[in-house]
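Have the chain open in your viewer and follow along.

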Amino acid sequence: MKTVRLGLLGCGTVGGGVVRLLRENASYLAARVGAPLEVARVLVRDPAKDRVADLDRALLTTNPDDIFGDASIDVIVELMGGVTPARSYVERAIDSKRSVVTANKMLLAVHGPDLVERAQAAGVDLAFEGSVGGGIPVIRVLREAMAGDWIESLSGIVNGTCNFVLTRMQKDGLSFDDALREAQEKGYAEADPGLDVDGHDAAHKLVVLAMLAFGARVEHERVPTEGIRAIEPIDHRFAARFGFAIKHLGIGRDHGTAVELRVHPALVPLDTTLANVSGVLNAISLQGRALGPCLLSGRGAGDMPTAVSVVADIVDVAVARINGASGLKIRGVQLSKRPLLPIDDIESRYYLRFVVFDRPGVLARITGALGDHNVSIEQMVQEGGGNSTGTPVQVVLLTHEAKERDVRRALAEVGACDFVASSTRVLRIHG
Ligand code: NAP
Ligand code: HSE
């Protein structure tokens, strides 16, 4: 039985988990694949660093040629992150007819369609279950289980760090900085945590999901993207008062010609499953035309959950290689350029928190501006200060369904008024 030899590019959080899982489940995996899986070489930046105990340090190298120049290496597992040099390494692997397993959503969001076409032409696999939802098998569900259905929309929590930070702020009163530090210590955050908290990681994942769900090739930098830095404890408090939790969401919908993709924090009703997906858990809801809703949930980041997805891909591409069937993972993937629906054209309910000086006529001006732009108010509260103290008050409004363009125009009008003490917080309401 010939061993399947793996070349690992990167051995940090996820790579460490993969090494550990391959070691712990070695005999079971060998039986499943029909051949032992062996880590042949491991590319890193700093060979002196502490690593997972299961790793034989003699396998470490800083020279990519030790991997690409070794013809006995069958499969390349890219767990470095980023675009450069990961892209050139993945291309080199494909061009040398080796299947690739990657968890690199940034690389896939930027160059995914080209890499898919390259792998299709070379007749090798490009597998990326670990790139979205950590241990949740959402890529498999889209590619296999729902292959016969038409995906109309998808939405959910796709960044574990954001969900962890929001949960710790909301439930435990932690500051943003402390919660983020904790997420980093647990191995949930990207090497640059700004990718998480500014929403880019979720946007990358949404672009990957849109490839499989809608066959869409979109420019990732055009996806409307908002992060969670601006959410304040007072927003969590008001959200709860109105019966909502604040979650960071990725939302996609197939509109026929255009696709709607957006990433932003949103108010989610407390009595929904999504509102109760806490900490590092992710949840993705897929809406199939025939199936209806399908909700997938599980640990969305961290070493072992992600390793489960990566090792499952390794098993698949190893089995395919042994059986001369490489390339099946992406054989049916067909992507076409799709325009993005402008965010101004979306319709939603809104949470608007105004910070204003409490003077006669202020509420009338705010509600008047909204009314003039067809934005109808559903609920309203005012809290704090008072005109005798001179300190600003919080005025929070929930709207009925309105066009984003109309809301923005009304807010621009209000923003120009001298009673406004600081910028208005705008959050969409989902569900
Ligand atoms: P990480 O802990 O920062 O590990 C990155 C690894 O790649 C390190 O071993 C690093 O070497 C190596 N590396 C980076 N640049 C390199 C270069 N130019 N040359 C050689 N080696 C290089 O990152 P991670 O959290 O494991 O994430 C890896 C990938 O998985 C990323 O694409 C990430 O987005 C994705 N992902 C992460 C998670 C998660 O929960 N962390 C979940 C899903 C997907 P040194 O160790 O020597 O620095
Ligand atoms: N940084 C990512 C997250 C890792 O927090 O979701 C999982 O993709």
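## Around ligand 2

In this predicted model, ligand 2 is surrounded by Lys 105, Asn 159, Gly 160, Thr 161, Tyr 188, Ala 189, Glu 190, Asp 196, Asp 201, Lys 205, Gly 300 and Ala 301; a residue is near a molecule if one of its heavy atoms lies within 4 Å of it. By type, this shell divides into 3 nonpolar, 4 polar and 5 charged residues (Ala, Val, Leu, Ile, Met, Phe, Trp, Tyr, Cys and Pro count as nonpolar, Asp, Glu, Lys and Arg as charged, and the others, Gly among them, as polar).

Look next at the polar contacts, pairs of N or O atoms within 3.5 Å. The side chain of Lys 105 places an N or O atom 2.5 Å from an oxygen atom of ligand 2, and for the side chain of Asn 159 the distance is 3.5 Å. Gly 160 takes part through a backbone N or O atom, 2.7 Å from a ligand 2 oxygen. On its own, ligand 2 has 250 Å² of accessible area, and the protein covers 94% of this (Shrake-Rupley method, 1.4 Å probe).

Ligand 1 has 25 residues around it, of which Asp 46, Lys 49, Arg 51, Glu 190 and Gly 302 come nearest. The shell around ligand 1 holds 10 nonpolar, 9 polar and 6 charged residues. The side chain of Glu 190 has an N or O atom 2.6 Å from a ligand 1 oxygen. Of the 900 Å² of accessible area that ligand 1 has on its own, the protein covers 88%.

## The fold as a whole

The protein chain has 15 helices and 18 strands; these are DSSP runs, with helices (H or I) of at least four residues and strands (E) of at least two, numbered from the N terminus. Along its principal axes, the C-alpha trace spans about 85 × 45 × 35 Å.

## Two backbone details

Most residues other than glycine have a negative phi, and most peptide bonds are trans. Thr 84 and Pro 85 are joined by a cis peptide bond, with omega about 5°. Pro 85 is in the loop between strand E4 (75-78) and helix H4 (86-95).

Lys 97, although not a glycine, has a positive phi of about 65°. Lys 97 belongs to the loop between H4 and strand E5 (99-102).

## Conventions

Residues are numbered from 1 along each chain as its sequence is written, while chains are lettered from A and ligands numbered from 1 in the order in which they are written. Because the model is predicted, local features need pLDDT of at least 70 and side-chain atom pairs count only at pLDDT 80 or more, while totals for chains, interfaces and linings use all residues; side-chain values use heavy atoms, with hydrogens and water left out.

Methods. Polar contact = N/O pair within 3.5 Å; in protein donor to acceptor, adjacent residues only side chain to side chain.
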